[in-house]
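Hi everyone, thanks for having me.

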Amino acid sequence: ILSYPAIAVYSPVINGVGGNLVAVQASRLSTVLHQHGKWKEQAEKRISSWWPFSGRSSEARAARLLLVILLPGSVVFLTVIHLFKSSHAKTTALFLLSYTAASYLQVVCLLVFANWLVPFLWQLGRDPDNYAIPYLTASGDVLGTGLLALAFVVST
């Protein structure tokens with residue numbers, strides 16, 4: 001924080017957006033498992049791929065949509081930060097590019113993790129709605145802060 005004081009301004013944004021998007025996907029995946037709970041194999045086949053973006057299932061389409069809405073959502077928050085003209089938050093083109101790359105990498109990693117974690121918790125007999133989202137958001141905070149720090153290093 002001493003080297004990059006603006007990290008305190010951007011950290012809640014990258015972590016909040018990433019955590020909320022993966023929470024939506026985890027909830028969708030959990031709903032699929034609950035809906036097809038009697039047919040465990042059928043539910044697990046729908047979420048069997050470790051890569052959440054492939055296929056024609058509604059879960060894959062939702063994962064792709066979450067990536068699409070990441071950019072406009074981030075632009076709104078970055079614009080608000082810029083309009084408040086935080087003394088530490090200097091928005092250069094290189095930083096915006098680095099931030100966007102970090103944000104996308106964070107959400108892709110979290111969606112892949114959710115695609116593995118939700119069925120894993122289901123197989124353990126744990127309700128993914130209650131167990132997965134805290135793990136995913138905590139992982140998103142760690143990953144997002146690390147990638148944000150990397151974005152600051154790259155852009156300076």
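Okay, so how many aromatic pairs does a search of the whole structure find? Eight. Keep in mind that this is a predicted model.

Before I pick out a couple, a quick reminder: we describe a pair of aromatic rings by how far apart the centres are and by the angle of the planes.

Let's start with F95 and F152. Their centres are 4.8 Å apart, with 40° between the planes, and that makes the pair tilted. Now, where do these two sit? F95 is in helix 4, residues 93–123, while F152 is in helix 5, residues 128–155, so this pair ties together parts that are 57 residues apart in sequence. And are they buried or exposed? Both F95 and F152 are buried.

Compare that with W116 and F120. This pair is stacked, at 4.9 Å centre to centre and 15° between the planes. W116 and F120 both belong to helix 4, four residues apart, so about one helical turn separates them. As for accessibility, W116 comes out at 47% relative accessibility, so we call it partly exposed. F120 has 33%, so F120 counts as partly exposed too.

Which ring does the charged end of R126 sit over? That's the ring of Y131, and the distance to the ring centre is 5.9 Å.

That's my tour, thanks!

How values were computed
Residues numbered from 1 in each chain as written. Predicted model: local features only at pLDDT ≥ 70, side-chain atom pairs only at ≥ 80, totals over all residues. Heavy atoms only, no water. Phe/Tyr/Trp six-rings, centres within 6.5 Å; stacked < 30°, edge-to-face > 60°. Helix = DSSP H or I, 4+ residues; strand = E, 2+ residues; numbered from the N terminus. Buried < 20%, exposed > 50% of the residue type's maximum accessible area, 1.4 Å probe, protein only. Lys NZ or Arg CZ within 6 Å of the ring centre and 35° of its normal.
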